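Please consider the sequence and the model shown here.

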Amino acid sequence: MYIVTELGKPSIKQAWIAALQSPKKRDKLLIGSFIIAILLSSLPIYFSIIQNRKGVVLNDWVLAHIPPYDVSIPIFAIIWGMATLIFIRALYNPVIYIHYVWTLIFINIARMLTIYFVALDPPVGLIHLVDPLTGIFYGNTIITRDLFFSGHTSTLVLIFLCLEKRNDKIIGFISIVAVMVLLLVQHIHYTVDVVAAPVFVYLIFLGVRKVLKLHTLKNSEN
């Protein structure tokens, strides 16, 4: 049995060899991967500081009308399902990875700033959401004050923006809406946290893509 790729579509090996042989792409791949690794490794320390401070409890009209339920399983099923999809797409197209990792860098920086300056206590009725995988970035402790803006929503919005195929986009959009609703059902976030996330991520994505494009054009002229 032979694995046949789409006509004209390079294999995973060919795609990454070509990307690493291109100085413009290689630099973005390697530097971006290095920065995000350093940034993610520092998050447990940051979140431990955030968790030990006091914030305010918002009067959220939407949450007040939603009884809290534990919907951890569908939340993680959707998030990790979409993570698998973007991973597969990036395997065949390193440019997707470049856009994803560089946008993720600035999303994390933006969240660290907004969480620091917008000190919030968790919503009333919060049911702890524990993920054994992403828990690594939280120091394997329960963090409840990383609220504004929503990291779970941000992840799915970023995946949606990086996906290229129409059907992938449709699935990605449905996933965003579903997780936004489920996060509110579990009272993990305030409404403003999940509503603000797509705005922040979209603006960051546009900015990063513009900078990457300008960097590519500048290198082409040199």
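A surface patch is made of residues with over 30% relative accessible area and no salt bridge, where like charges are joined within 9 Å and nonpolar side chains (Val, Leu, Ile, Met, Phe, Trp, Tyr) within 5 Å. A salt bridge is a side-chain nitrogen of Lys or Arg within 4 Å of a carboxyl oxygen of Asp or Glu. Accessible areas come from the Shrake-Rupley method with a 1.4 Å probe, and for residues only the protein chains shown count as cover.

The model is predicted, with local features needing pLDDT of at least 70 and side-chain atom pairs counting only at pLDDT 80 or more, while totals for chains, interfaces and linings use all residues. Residues are numbered from 1 along each chain as its sequence is written, and side-chain values use heavy atoms, leaving out hydrogens and water.

Q: Which residues form a nonpolar patch on the surface?
A: Phe106, Ile109, Leu113, Tyr116, Phe117 and Val118 form this patch, with about 600 Å² of accessible area together.

Q: Why does Tyr116 count as partly exposed?
A: Buried means under 20% relative accessible area, exposed over 50%, and partly exposed in between (1.4 Å probe, protein chains only). Tyr116 has 48% relative accessibility and therefore counts as partly exposed. Tyr116 lies in helix 5; helices are DSSP runs of H or I with at least four residues, strands are runs of E with at least two, and both are numbered from the N terminus.

Q: Why does His187 count as buried?
A: The relative accessibility of His187 is 4%, so His187 counts as buried. This residue is found in the loop between helix 7 (166–185) and helix 8 (191–221). His187 also has a positive phi of about 60°, although it is not a glycine.

Q: Why are helix 1 and helix 4 roughly perpendicular to each other?
A: Axes are lines fitted to C-alpha atoms, for helices over the stretch in contact, and angles run from 0 to 180 degrees between N-to-C directions. Angles under 35 degrees count as roughly parallel, over 145 as roughly antiparallel, 65 to 115 as roughly perpendicular and the rest as oblique. Helix 1 (residues 12–21) and helix 4 (residues 72–92) pack at about 65°, with axes 7 Å apart. The two helices are therefore roughly perpendicular.

Q: Which residues meet where helix 1 and helix 4 pack?
A: Ile12, Ala15 and Trp16 in helix 1 meet Ala90, Leu91 and Tyr92 in helix 4, contact meaning heavy atoms within 4.5 Å.

Q: What does the secondary structure of the protein come to?
A: The protein has eight helices and zero strands.
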